[in-house]
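Good morning. Please have the viewer open, and follow along as I go from the whole chain to single residues.

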Amino acid sequence: MTSRDLLNSSISQKNLMKENITPHKIAVVLFIKEFCLIKAKARPGQLLTCEDGSFYSVEPVHRRDFCMLVLKLIQSPDMELSEFMTVLHSGQYSWLPAHLSALKKTLAEINDGGVCAIQTLIHDLNTTIFSDSALLQPVVNKSSIIGLFLRRIIIFFDKLTFSQVVAIYRSYKAYYYRAKLAGADLRCAAENYAAGSSTVADSIRSEDMDISSAIGLDSECKLPSPSSRGGMKMDLLALEGEVVSWSRRQAELFIAQQVNLLQNNESLALSPPKLQEKIRDILQANPDYAEAHYLSYLNCLRVREYCGAVDSLFHCFDRNTAIAANSTTIDDKNRSFRYATLNLAILHAQFGQRGEALCALREAVQMAHEANDDICLQHAQTWLYRLSNNNKEVLIQRSVQRSSDLKLSYLTSLGIQSLAQCTAITGTKPAIVFEILMKSDTLNQNSVLELLANSFAQKAALWLLYGKMEMSLLASQLLLCLYTLDAMPNSGYSGESTCLALCCVANAFVQEGKYQLASVLLQHARLQFPHEPMSHAWMYIEQLLYFFEALHNGRWQEAEQAVGRMSSVHKWDSLLRKAELLLSKGDAVGAMSAVHSVLDAPANECDMGSGVGLHSTHNTGGARLALRVRALVLSAEAQSVNGPAPATAVCVLTTALGLAQQNYLELHAALVACHLANLQLQLGLPAQALSLLDEWLLVVLAHGGAYDRGRALLLLAKCRVAAATSLPCSLEDRIRVVTEAINTLERAKTLFTQVEAISRVKDVLYLQALLYNEVDCVLGRKKCALEFRALDEQHPTKIATTLLNRF
């Protein structure tokens, strides 16, 4: 659940109606005026004549692009004239050449004409834009968006004193010449109205002399004469005056857009430093604007800056509380305190401070009870079942029921998804879990797109938990192919669930040995989701990629480095990967120590994700179950590294198999069964091992990764040969069994080669050579020996365990 809806929106703030007259607004007024004049001339339908003698007319595409750009300019904050010209010449809009030429001409006229030119411009708006006659309607309707903008400019300009008008003109001069220094295309104006001025410095000097003589400014107010381009820049900085002006309405639109992008497509939002700079500009123009502080709070959460987030949150609700204090009702005064406390609880939860979050949450619940505020109470209860470990399912069911009664569809759907996750980790049948998720999908059909995407991500995670890799991939691809531009035309949706889907697909590529494709996907995820906590997903898969690639190639040091980096995003899984590495190196004692760190850890500490799907910032017991099963398997492997497996290993694997079957972890159960079959083979029970392997082999081949499928086929070949050896059979039957085993080993070798498991390829080649020798196939034996030698020279490996006791 996000915290964007918890800012108290019911406290109304009186919008500031003051309109700041800035050079940018003067340029926009000129842009509107010149187009309206051209449009007025073209009203009878005749063709207009350009200066070069050609003809033109105002087409619908010109009017459309003009309206779209003017709307954007009115709503957006001020921009430099060079940026304005870049937009006009970008090719995104269609303009009449006469329009741009007239605009540049009038820009230069205002710059050359002094204060009188600005006054004449504002005065002429009434006569040229709003005037009407008996035959024609006015060019601009006074009630239109453009009309309201121009009327506000006229009204507030009339209220300015003469000294303020002079200050506006001086700001305009700096605005104009900064554009020249930036290389803006103002050539038309320069050719027609700056002829005779050899340099910009001469123009500045002459302008200052005219102003000084006209309005009596002393010599200290004159522009200094720059002798170089660098001197001119310093003079213009001194002349610049005010910073970029933000009106209240511009700030509201900007904040709404950025909050929407932060929640739905963070990659399109401004970077944290640039966004914070914009926020500072907004607060400088609107010091009491609480929503700007709230956007600063969200921006600090992106980069995990705790102090800045706390400071911004306090500033936000200090201003809300001050406004609420002027209200006449007690409810308005207390509402801000309730939501401030609730947001503080969310802040602590975001930074993992569970105790502080629960304390703040209890206070918010108490205040909501006192005020009988059901909405605040339901938001608090939603966070309560997320942070609590006891009676979670009961809390979720109560929250879902109450949210449904209050018609809070977002919280209802979110609660249903949480209930599905909670029931999945308690051993509920998968059919019931997915039936619960279908109820959420029904609510999300015409509701929040974020919840619909979360539902796909959760289905992918659940399928992965149950060991159905293909179904997990299907759900992830459905999410990635989900068309979201209808619901969010400007940005589309690319949130946390999108990141999880990318990581799920990348993980599948890693399991299949397609490391290059996985790297491409992870690079895309890195660009789309650079900030925490979403970055933890692709960071984990990235280290998993490095780990498997190094482990399979026998590069122990690189694998150890990947495990160390993995520990920063997933502590418990990194311990299990470390145990795998130590087992490969033959360090059974170290592996047992790492495994027992996971087995002996408290349940609430292991309640974290496995890196794909059910991980991220949400607590999941499904990952804890999978971690425990894997830890038990590694514990059994560690006991059999240096010799035959003891009976305790069988007990450990039996416990792991029961735990996996009880919670429907089918793939984990199949892998545990393969380990049991390998132990039975070591204990001299090949027939029983083959029977157990036949029962679970199909699951591994259907849903396991390439490495697991290769191991299963290798074990199958060993079990078949051993079973045929232990039972009396004819020579033809034995040759048939050995030939089938060789073909099975060839499939296993292909899979091991696919994931670059060089040591395993050597195991297969060694066993194939022995089997070829068994059937007196000298050519096949020599071929395997040659391949083994070539591989050993290119990739020398040293594996502590032998072919007999490895699975």
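I will start with the overall picture, then take some helices, some loops and a few side chains.

First, please keep in mind that this is a predicted model. The protein chain has 36 helices and two strands. Of its 807 residues, 53% are buried. The chain exposes about 37100 Å², and carbon and sulfur atoms account for 55% of that area. Now consider contacts in the chain between residues at least 6 apart in sequence: 69% of these join residues at least 24 apart.

Let us go to a helix. H18 runs over residues 392-405, which is 14 residues. From first C-alpha to last, H18 reaches 20 Å, close to the 20 Å expected at 1.5 Å a residue. Which residues of H18 are buried? They are Leu 395, Ile 396, Ser 399, Val 400 and Ser 403. These residues cover an arc of only 130° around the axis, so they sit on the same side of H18. And what do the buried residues of H18 pack against? Their partners are helix H17, residues 374-387, and helix H19, residues 409-424.

Move on to the loop between H18 and H19, where you will find Lys 407. Its phi is near 65°, which is a positive value in a residue other than glycine. Is Lys 407 buried or exposed? Lys 407 has a relative accessible area of 71%, and exposed means over 50%, so Lys 407 is exposed.

There is another residue of this kind further along the chain. Asp 776 is not a glycine, yet it has a positive phi of about 60°. Where is Asp 776? Look in the loop between helix H35, residues 758-774, and helix H36, residues 778-794. Asp 776 counts as exposed because its relative accessibility is 66%.

Back to the helices, with H13. This one covers residues 290-302, 13 residues in total. H13 reaches 19 Å from its first C-alpha to its last, close to the 18 Å expected at 1.5 Å a residue. How many of the 13 residues in H13 are buried? Twelve of them are, so the helix is mostly covered. Among the buried residues of H13 are Ala 290, His 293, Tyr 297, Cys 300 and Arg 302. After H13 comes Arg 304, and its phi is positive, near 60°.

Next, a peptide bond. Which residues does the cis peptide bond join? It joins Glu 532 and Pro 533, with omega at about 0°. Pro 533 is in the loop between helix H24, residues 515-528, and helix H25, residues 535-552.

Now a serine. Ser 574 belongs to helix H27, which spans residues 571-585. Why does Ser 574 count as buried? Its relative accessibility is 4%, and the cut-off for buried is under 20%, so Ser 574 falls into that class. Its side chain reaches the backbone oxygen of Lys 571 at 2.5 Å. If we leave aside neighbours within four places in sequence, Ser 574 is in contact with Val 563, Met 566 and Ser 567.

Then a leucine. Leu 443 is in helix H20, residues 430-444. Leu 443 is partly exposed because its relative accessible area is 34%, between the cut-offs of 20% and 50%. Which residues does Leu 443 touch, not counting those up to four places away in sequence? They are Thr 412, Ser 413 and Ile 416. Take Ile 416: Leu 443 is 27 residues from it in sequence, and the C-alpha to C-alpha separation is 9.9 Å.

Last, the cysteines. How many disulfides does a search of the whole structure find? The search finds zero. Two cysteines are worth a look for their accessibility. Cys 359 counts as partly exposed, at 46% relative accessibility. Cys 422 is buried, and its relative accessible area is 7%.

That is the end of the tour. If you want to go back to one place, take H18: its buried residues lie on the same side, and they pack against H17 and H19. Thank you.

Key:
Residues numbered from 1 in each chain as written. Predicted model: local features only at pLDDT ≥ 70, side-chain atom pairs only at ≥ 80, totals over all residues. Heavy atoms only, no water. Helix = DSSP H or I, 4+ residues; strand = E, 2+ residues; numbered from the N terminus. Expected span 1.5 Å × (residues − 1). Buried < 20%, exposed > 50% of the residue type's maximum accessible area, 1.4 Å probe, protein only. Arc of directions from axis to C-beta. Contact = heavy atoms within 4.5 Å. Areas by Shrake-Rupley, 256 points an atom, 1.4 Å probe, with all protein chains shown as cover. Polar contact = N/O pair within 3.5 Å; in protein donor to acceptor, adjacent residues only side chain to side chain. Disulfide = S-S within 2.5 Å.
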